[in-house]
Amino acid sequence: MVNSDPHIVVAGAGSIGCFVGGLLAASGRNVTLLARPRIAAEIRAHGLTLTDLDGMAVRVSADAIGISTDPAILAGADMVLVTVKSRDTDAIGAVINTHAPRSAQVISLQNGVSNGTALRSLLPARDVRAGMVPFNVVPMGQGCYHRAVEGDIVIEAGPGALGSVLAVPGLACLESREIENVQWGKFLMNLNNALNALSGLPIKAQLKDREWRKLMADQWAEALRVIHRNGIRPVSSTPVSVSVIPWVLRLPTGVFTRVASAMLKIDPQARTSMSYDLMERRPTEIAALQGVVVEMGRMSGIATPINAMVMDVVNTAELAGEGLPNLTPNALRRELAEGPQA
Ligand SMILES: NC(=O)C1=CN([C@@H]2O[C@H](COP(=O)(O)OP(=O)(O)OC[C@H]3O[C@@H](n4cnc5c(N)ncnc54)[C@H](OP(=O)(O)O)[C@@H]3O)[C@@H](O)[C@H]2O)C=CC1
Ligand SMILES: CC(C)(CO)C(=O)C(=O)O
(Lines give C-alpha, C1' and ligand atoms only; values in the text may rest on other atoms or scores of the structure.)
(Ligands and ions follow the chains in the order given, each with its own letter.)
Protein backbone atom coordinates (compact mmCIF):
# COMPACT_ATOMS: atom_id res chain seq x y z
CA MET A 1 0.00 0.00 0.00
CA VAL A 2 1.35 3.45 -0.91
CA ASN A 3 0.92 6.04 1.83
CA SER A 4 -0.14 9.10 -0.19
CA ASP A 5 1.16 11.61 2.37
CA PRO A 6 4.09 9.98 4.16
CA HIS A 7 6.14 11.91 6.67
CA ILE A 8 9.64 11.85 5.14
CA VAL A 9 12.54 12.47 7.51
CA VAL A 10 15.91 13.28 5.93
CA ALA A 11 18.49 11.79 8.28
CA GLY A 12 21.62 13.93 8.04
CA ALA A 13 20.59 16.90 5.94
CA GLY A 14 23.62 18.39 4.18
CA SER A 15 24.08 18.98 0.44
CA ILE A 16 22.10 16.00 -0.87
CA GLY A 17 19.58 15.93 1.98
CA CYS A 18 18.70 19.63 1.77
CA PHE A 19 18.44 19.52 -2.03
CA VAL A 20 16.30 16.38 -2.23
CA GLY A 21 14.28 17.16 0.92
CA GLY A 22 13.76 20.75 -0.27
CA LEU A 23 12.40 19.72 -3.68
CA LEU A 24 10.10 17.18 -2.04
CA ALA A 25 8.79 19.85 0.36
CA ALA A 26 8.39 22.34 -2.50
CA SER A 27 6.01 19.94 -4.20
CA GLY A 28 3.92 19.56 -1.04
CA ARG A 29 5.46 16.45 0.53
CA ASN A 30 5.58 16.39 4.33
CA VAL A 31 9.33 16.62 4.98
CA THR A 32 11.48 17.14 8.07
CA LEU A 33 15.21 17.70 7.86
CA LEU A 34 17.15 16.14 10.75
CA ALA A 35 20.23 18.34 10.66
CA ARG A 36 23.17 19.58 12.66
CA PRO A 37 22.52 22.85 14.55
CA ARG A 38 24.59 24.95 12.06
CA ILE A 39 22.53 23.75 9.09
CA ALA A 40 19.23 23.97 10.97
CA ALA A 41 20.06 27.60 11.94
CA GLU A 42 20.96 28.47 8.34
CA ILE A 43 17.68 27.09 6.97
CA ARG A 44 15.60 28.69 9.74
CA ALA A 45 17.21 32.02 8.84
CA HIS A 46 17.10 31.80 5.03
CA GLY A 47 14.78 28.96 4.02
CA LEU A 48 16.05 26.93 1.06
CA THR A 49 16.84 28.05 -2.48
CA LEU A 50 17.34 25.16 -4.88
CA THR A 51 18.85 25.84 -8.27
CA ASP A 52 20.28 23.78 -11.09
CA LEU A 53 22.32 24.00 -14.24
CA ASP A 54 19.18 24.18 -16.39
CA GLY A 55 17.95 27.36 -14.71
CA MET A 56 15.67 25.84 -12.07
CA ALA A 57 15.14 28.13 -9.05
CA VAL A 58 12.85 26.83 -6.31
CA ARG A 59 12.26 28.66 -3.02
CA VAL A 60 11.17 26.80 0.10
CA SER A 61 10.38 29.03 3.04
CA ALA A 62 11.51 27.89 6.48
CA ASP A 63 7.90 27.26 7.53
CA ALA A 64 7.23 24.98 4.52
CA ILE A 65 9.64 22.33 5.76
CA GLY A 66 10.22 20.71 9.15
CA ILE A 67 13.66 21.36 10.64
CA SER A 68 14.94 19.52 13.68
CA THR A 69 18.18 18.73 15.45
CA ASP A 70 16.45 16.15 17.70
CA PRO A 71 16.59 12.51 16.53
CA ALA A 72 13.31 11.89 18.39
CA ILE A 73 11.66 13.47 15.33
CA LEU A 74 12.18 10.08 13.67
CA ALA A 75 9.38 8.66 15.83
CA GLY A 76 6.88 10.19 13.40
CA ALA A 77 8.63 9.02 10.22
CA ASP A 78 6.95 6.90 7.53
CA MET A 79 10.04 7.09 5.34
CA VAL A 80 13.67 7.92 6.20
CA LEU A 81 16.13 9.17 3.59
CA VAL A 82 19.69 8.53 4.78
CA THR A 83 22.01 11.25 3.49
CA VAL A 84 24.97 11.15 5.87
CA LYS A 85 28.50 10.45 4.65
CA SER A 86 29.50 6.74 4.69
CA ARG A 87 31.56 7.20 7.87
CA ASP A 88 28.34 8.11 9.74
CA THR A 89 26.17 5.25 8.45
CA ASP A 90 26.59 3.06 11.53
CA ALA A 91 25.81 5.94 13.87
CA ILE A 92 22.71 7.09 11.97
CA GLY A 93 21.58 3.46 11.63
CA ALA A 94 21.65 3.14 15.42
CA VAL A 95 19.70 6.42 15.77
CA ILE A 96 17.06 5.21 13.28
CA ASN A 97 16.82 1.89 15.08
CA THR A 98 16.21 3.64 18.39
CA HIS A 99 13.69 6.23 17.24
CA ALA A 100 11.95 5.30 13.96
CA PRO A 101 8.94 2.98 13.89
CA ARG A 102 9.59 -0.50 12.44
CA SER A 103 7.20 0.24 9.60
CA ALA A 104 9.26 3.20 8.32
CA GLN A 105 10.95 2.55 4.98
CA VAL A 106 14.62 3.50 4.92
CA ILE A 107 16.34 4.59 1.69
CA SER A 108 20.08 5.19 1.47
CA LEU A 109 20.94 8.07 -0.89
CA GLN A 110 24.68 7.67 -0.35
CA ASN A 111 27.73 6.94 -2.46
CA GLY A 112 29.67 3.70 -2.10
CA VAL A 113 28.40 0.15 -2.45
CA SER A 114 27.93 -1.01 1.12
CA ASN A 115 25.73 1.54 2.88
CA GLY A 116 22.49 -0.27 1.96
CA THR A 117 23.87 -3.55 3.32
CA ALA A 118 25.22 -1.84 6.45
CA LEU A 119 21.83 -0.24 7.14
CA ARG A 120 20.04 -3.52 6.47
CA SER A 121 22.11 -5.30 9.10
CA LEU A 122 21.62 -2.45 11.60
CA LEU A 123 17.89 -2.38 10.91
CA PRO A 124 16.79 -6.03 10.62
CA ALA A 125 13.23 -6.79 9.57
CA ARG A 126 12.77 -3.33 8.09
CA ASP A 127 12.29 -2.27 4.48
CA VAL A 128 15.74 -0.84 3.66
CA ARG A 129 16.56 0.17 0.08
CA ALA A 130 19.87 1.10 -1.47
CA GLY A 131 19.91 4.12 -3.77
CA MET A 132 22.14 6.04 -6.16
CA VAL A 133 22.30 9.81 -6.60
CA PRO A 134 24.06 10.64 -9.88
CA PHE A 135 24.08 14.40 -9.52
CA ASN A 136 26.38 16.72 -7.63
CA VAL A 137 25.08 19.41 -5.27
CA VAL A 138 27.13 22.50 -4.40
CA PRO A 139 26.40 24.14 -1.04
CA MET A 140 26.37 27.86 -1.88
CA GLY A 141 25.62 29.21 1.62
CA GLN A 142 22.55 30.99 3.02
CA GLY A 143 20.37 27.94 2.40
CA CYS A 144 21.16 27.77 -1.32
CA TYR A 145 21.99 24.38 -2.85
CA HIS A 146 22.87 24.11 -6.54
CA ARG A 147 22.62 20.88 -8.55
CA ALA A 148 25.67 21.03 -10.77
CA VAL A 149 25.59 17.67 -12.60
CA GLU A 150 22.53 16.17 -14.29
CA GLY A 151 20.95 12.75 -13.74
CA ASP A 152 18.08 10.84 -12.14
CA ILE A 153 18.05 9.18 -8.72
CA VAL A 154 17.73 5.37 -8.82
CA ILE A 155 16.46 3.35 -5.86
CA GLU A 156 16.15 -0.36 -5.29
CA ALA A 157 12.82 -1.67 -6.56
CA GLY A 158 10.41 -3.23 -4.07
CA PRO A 159 6.88 -3.02 -2.75
CA GLY A 160 5.07 0.30 -2.34
CA ALA A 161 6.18 2.23 -5.47
CA LEU A 162 8.57 4.33 -3.34
CA GLY A 163 10.06 5.87 -6.47
CA SER A 164 6.75 7.62 -7.14
CA VAL A 165 6.88 9.23 -3.68
CA LEU A 166 10.31 10.68 -4.44
CA ALA A 167 9.60 11.71 -8.04
CA VAL A 168 8.44 15.34 -8.00
CA PRO A 169 8.98 18.31 -10.32
CA GLY A 170 12.74 18.88 -10.60
CA LEU A 171 13.56 15.43 -9.20
CA ALA A 172 13.26 12.20 -11.17
CA CYS A 173 13.46 8.92 -9.29
CA LEU A 174 13.60 5.54 -10.99
CA GLU A 175 13.43 2.08 -9.42
CA SER A 176 15.85 -0.68 -10.41
CA ARG A 177 15.99 -4.42 -9.78
CA GLU A 178 19.76 -4.33 -10.26
CA ILE A 179 20.63 -1.53 -7.89
CA GLU A 180 23.97 -3.14 -6.91
CA ASN A 181 25.25 -2.97 -10.48
CA VAL A 182 23.92 0.60 -10.76
CA GLN A 183 25.83 1.50 -7.58
CA TRP A 184 29.01 -0.13 -8.90
CA GLY A 185 28.72 2.02 -12.04
CA LYS A 186 28.48 5.15 -9.89
CA PHE A 187 31.28 3.81 -7.67
CA LEU A 188 33.64 3.86 -10.66
CA MET A 189 32.72 7.51 -11.33
CA ASN A 190 33.28 8.30 -7.67
CA LEU A 191 36.89 7.12 -7.88
CA ASN A 192 37.45 10.55 -9.40
CA ASN A 193 36.23 12.21 -6.18
CA ALA A 194 39.71 11.74 -4.70
CA LEU A 195 41.59 12.94 -7.79
CA ASN A 196 39.31 15.95 -8.00
CA ALA A 197 39.82 16.78 -4.32
CA LEU A 198 43.60 16.36 -4.62
CA SER A 199 43.67 18.63 -7.69
CA GLY A 200 41.86 21.44 -5.87
CA LEU A 201 40.08 22.19 -9.18
CA PRO A 202 36.39 22.18 -10.13
CA ILE A 203 35.50 18.90 -11.95
CA LYS A 204 35.17 20.56 -15.37
CA ALA A 205 38.59 22.24 -15.15
CA GLN A 206 40.19 19.03 -13.85
CA LEU A 207 38.74 17.00 -16.73
CA LYS A 208 40.08 19.51 -19.27
CA ASP A 209 43.59 18.38 -18.27
CA ARG A 210 44.51 15.23 -20.22
CA GLU A 211 47.07 14.15 -17.58
CA TRP A 212 44.35 14.08 -14.89
CA ARG A 213 42.12 12.14 -17.28
CA LYS A 214 44.89 9.60 -18.02
CA LEU A 215 45.39 9.05 -14.31
CA MET A 216 41.65 8.63 -13.85
CA ALA A 217 41.58 6.19 -16.81
CA ASP A 218 44.40 4.10 -15.30
CA GLN A 219 42.74 4.11 -11.89
CA TRP A 220 39.36 3.17 -13.44
CA ALA A 221 40.84 0.31 -15.52
CA GLU A 222 42.66 -1.05 -12.44
CA ALA A 223 39.43 -0.97 -10.39
CA LEU A 224 37.39 -2.50 -13.20
CA ARG A 225 39.77 -5.49 -13.41
CA VAL A 226 39.18 -6.19 -9.72
CA ILE A 227 35.43 -5.63 -9.96
CA HIS A 228 35.05 -7.89 -13.02
CA ARG A 229 37.22 -10.59 -11.39
CA ASN A 230 34.65 -10.60 -8.57
CA GLY A 231 31.86 -11.29 -11.04
CA ILE A 232 30.33 -7.80 -10.76
CA ARG A 233 28.96 -6.17 -13.92
CA PRO A 234 28.63 -2.42 -13.24
CA VAL A 235 25.90 -0.49 -15.06
CA SER A 236 27.27 2.79 -16.41
CA SER A 237 25.75 6.01 -15.09
CA THR A 238 26.45 7.62 -18.49
CA PRO A 239 25.43 6.50 -22.01
CA VAL A 240 28.96 5.04 -22.48
CA SER A 241 29.73 1.56 -21.13
CA VAL A 242 32.10 1.31 -18.14
CA SER A 243 34.71 -0.59 -20.20
CA VAL A 244 34.89 2.18 -22.83
CA ILE A 245 35.24 5.09 -20.36
CA PRO A 246 39.06 4.74 -19.94
CA TRP A 247 39.42 5.00 -23.72
CA VAL A 248 37.20 8.12 -23.76
CA LEU A 249 39.22 9.68 -20.93
CA ARG A 250 42.50 9.19 -22.81
CA LEU A 251 41.24 11.03 -25.95
CA PRO A 252 42.88 14.35 -26.83
CA THR A 253 41.19 17.21 -24.97
CA GLY A 254 39.28 18.68 -27.96
CA VAL A 255 37.72 15.34 -28.90
CA PHE A 256 37.14 14.41 -25.23
CA THR A 257 35.30 17.68 -24.59
CA ARG A 258 32.90 17.04 -27.49
CA VAL A 259 32.26 13.41 -26.47
CA ALA A 260 31.94 14.25 -22.76
CA SER A 261 29.46 17.06 -23.29
CA ALA A 262 27.19 14.59 -25.11
CA MET A 263 27.62 12.15 -22.17
CA LEU A 264 27.02 14.35 -19.13
CA LYS A 265 26.28 18.00 -18.38
CA ILE A 266 28.53 19.48 -15.64
CA ASP A 267 28.40 23.04 -14.31
CA PRO A 268 31.82 24.81 -14.22
CA GLN A 269 31.55 25.29 -10.44
CA ALA A 270 30.90 21.61 -9.56
CA ARG A 271 33.39 19.98 -7.19
CA THR A 272 33.11 16.47 -5.82
CA SER A 273 31.78 15.89 -2.30
CA MET A 274 35.29 14.79 -1.25
CA SER A 275 36.62 18.24 -2.18
CA TYR A 276 34.22 19.75 0.35
CA ASP A 277 35.35 17.24 2.98
CA LEU A 278 39.01 18.23 2.56
CA MET A 279 38.13 21.93 2.34
CA GLU A 280 36.21 21.72 5.60
CA ARG A 281 38.82 19.49 7.30
CA ARG A 282 36.38 16.58 7.65
CA PRO A 283 37.21 12.88 7.22
CA THR A 284 36.58 11.71 3.65
CA GLU A 285 34.80 8.67 2.18
CA ILE A 286 38.08 7.28 0.76
CA ALA A 287 37.72 3.99 2.69
CA ALA A 288 34.34 3.38 0.99
CA LEU A 289 35.80 4.11 -2.47
CA GLN A 290 39.50 3.42 -3.23
CA GLY A 291 39.64 1.47 0.07
CA VAL A 292 37.13 -1.05 -1.32
CA VAL A 293 39.16 -1.53 -4.53
CA VAL A 294 42.38 -2.08 -2.56
CA GLU A 295 40.73 -4.59 -0.23
CA MET A 296 38.99 -6.47 -3.05
CA GLY A 297 42.27 -6.52 -4.99
CA ARG A 298 44.07 -7.94 -1.96
CA MET A 299 41.46 -10.67 -1.56
CA SER A 300 41.58 -11.52 -5.27
CA GLY A 301 45.38 -11.39 -5.62
CA ILE A 302 45.27 -8.42 -8.03
CA ALA A 303 47.67 -5.51 -7.51
CA THR A 304 45.98 -2.09 -7.18
CA PRO A 305 48.92 0.33 -6.91
CA ILE A 306 47.10 3.38 -8.28
CA ASN A 307 44.07 3.09 -6.01
CA ALA A 308 46.39 2.37 -3.05
CA MET A 309 48.55 5.42 -3.81
CA VAL A 310 45.50 7.69 -4.18
CA MET A 311 44.11 6.40 -0.88
CA ASP A 312 47.45 7.06 0.87
CA VAL A 313 47.69 10.60 -0.50
CA VAL A 314 44.10 11.39 0.53
CA ASN A 315 44.72 9.96 4.02
CA THR A 316 47.82 12.16 4.29
CA ALA A 317 45.87 15.24 3.17
CA GLU A 318 43.13 14.42 5.70
CA LEU A 319 45.66 14.13 8.52
CA ALA A 320 47.43 17.35 7.48
CA GLY A 321 44.08 19.17 7.77
CA GLU A 322 45.26 21.94 5.46
CA GLY A 323 42.38 21.90 3.00
CA LEU A 324 42.73 21.12 -0.70
CA PRO A 325 46.33 20.09 -1.44
CA ASN A 326 46.32 21.41 -5.06
CA LEU A 327 48.48 18.56 -6.36
CA THR A 328 49.35 17.93 -10.00
CA PRO A 329 48.93 14.62 -11.86
CA ASN A 330 52.74 14.49 -12.19
CA ALA A 331 53.13 14.70 -8.43
CA LEU A 332 50.81 11.69 -8.07
CA ARG A 333 52.68 9.77 -10.80
CA ARG A 334 55.90 10.43 -8.81
CA GLU A 335 54.21 9.09 -5.65
CA LEU A 336 53.26 6.01 -7.63
CA ALA A 337 56.80 5.46 -8.87
CA GLU A 338 58.39 6.09 -5.45
CA GLY A 339 55.73 4.80 -3.08
CA PRO A 340 55.65 1.55 -1.12
CA GLN A 341 52.93 0.16 -3.37
CA ALA A 342 55.12 0.33 -6.57
N1 LIG B 1 27.47 16.24 -2.34
C2 LIG B 1 27.26 15.66 -3.50
O3 LIG B 1 27.26 16.33 -4.54
C4 LIG B 1 26.98 14.20 -3.60
C5 LIG B 1 27.03 13.39 -2.49
N6 LIG B 1 26.69 12.07 -2.62
C7 LIG B 1 26.73 11.20 -1.46
O8 LIG B 1 25.63 11.53 -0.61
C9 LIG B 1 25.99 11.30 0.76
C10 LIG B 1 25.80 12.62 1.51
O11 LIG B 1 26.73 13.55 0.98
P12 LIG B 1 26.62 15.12 1.25
O13 LIG B 1 25.22 15.54 1.24
O14 LIG B 1 27.59 15.74 0.35
O15 LIG B 1 27.17 15.17 2.74
P16 LIG B 1 27.16 16.41 3.75
O17 LIG B 1 28.37 16.26 4.60
O18 LIG B 1 26.95 17.68 3.00
O19 LIG B 1 25.83 16.15 4.59
C20 LIG B 1 25.70 15.17 5.57
C21 LIG B 1 25.23 15.89 6.81
O22 LIG B 1 24.80 14.94 7.77
C23 LIG B 1 25.19 15.44 9.05
N24 LIG B 1 25.10 14.38 10.03
C25 LIG B 1 25.93 13.32 10.24
N26 LIG B 1 25.45 12.56 11.24
C27 LIG B 1 24.31 13.14 11.68
C28 LIG B 1 23.39 12.84 12.71
N29 LIG B 1 23.52 11.77 13.48
N30 LIG B 1 22.34 13.69 12.90
C31 LIG B 1 22.17 14.78 12.12
N32 LIG B 1 23.03 15.12 11.13
C33 LIG B 1 24.09 14.30 10.92
C34 LIG B 1 26.58 15.95 8.79
O35 LIG B 1 27.03 16.78 9.84
P36 LIG B 1 28.61 16.76 10.26
O37 LIG B 1 29.40 17.10 9.02
O38 LIG B 1 28.66 17.80 11.34
O39 LIG B 1 28.89 15.39 10.76
C40 LIG B 1 26.33 16.72 7.49
O41 LIG B 1 25.83 18.00 7.75
C42 LIG B 1 27.44 10.80 0.74
O43 LIG B 1 27.49 9.41 0.72
C44 LIG B 1 27.97 11.36 -0.59
O45 LIG B 1 29.05 10.62 -1.13
C46 LIG B 1 26.23 11.53 -3.79
C47 LIG B 1 26.17 12.30 -4.93
C48 LIG B 1 26.62 13.66 -4.93
C1 LIG C 1 30.41 14.47 -8.40
C2 LIG C 1 29.62 13.22 -8.22
C3 LIG C 1 28.22 13.42 -8.76
C4 LIG C 1 30.28 12.14 -9.08
O5 LIG C 1 31.59 11.90 -8.73
C6 LIG C 1 29.53 12.74 -6.81
O7 LIG C 1 28.95 11.70 -6.61
C8 LIG C 1 30.11 13.40 -5.62
O9 LIG C 1 30.42 14.60 -5.62
O10 LIG C 1 30.25 12.70 -4.61
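**What stands behind the labels**

Reply: Helices (H or I, at least four residues) and strands (E, at least two) are DSSP runs, numbered from the N terminus. The model is predicted, so local features need pLDDT of at least 70 and side-chain atom pairs 80 or more, while totals for chains, interfaces and linings use all residues. Residues are numbered from 1 along each chain as its sequence is written, and chains are lettered from A and ligands numbered from 1 in the order written.

Me: What does UniProt list for residues 6-26?

Reply: The unreviewed UniProt entry lists "transmembrane region" there; such annotations may be inferred rather than shown by experiment, and positions follow the numbering used here.

Me: Why is Thr 328 called partly exposed?

Reply: Thr 328 has 14 other C-beta atoms within 10 Å. Buried takes 20 or more, exposed 12 or fewer, and partly exposed lies in between, with C-beta atoms placed from the backbone. So 14 makes Thr 328 partly exposed. Thr 328 is in the loop between α13 (305-320) and α14 (329-338).

Me: How do you know that the span of helix α8 agrees with what it should be?

Reply: The expected span is 1.5 Å times one less than the number of residues. For the 20 residues of α8 (residues 210-229) that gives 28 Å, and the end C-alpha atoms are 28 Å apart, so the two agree.
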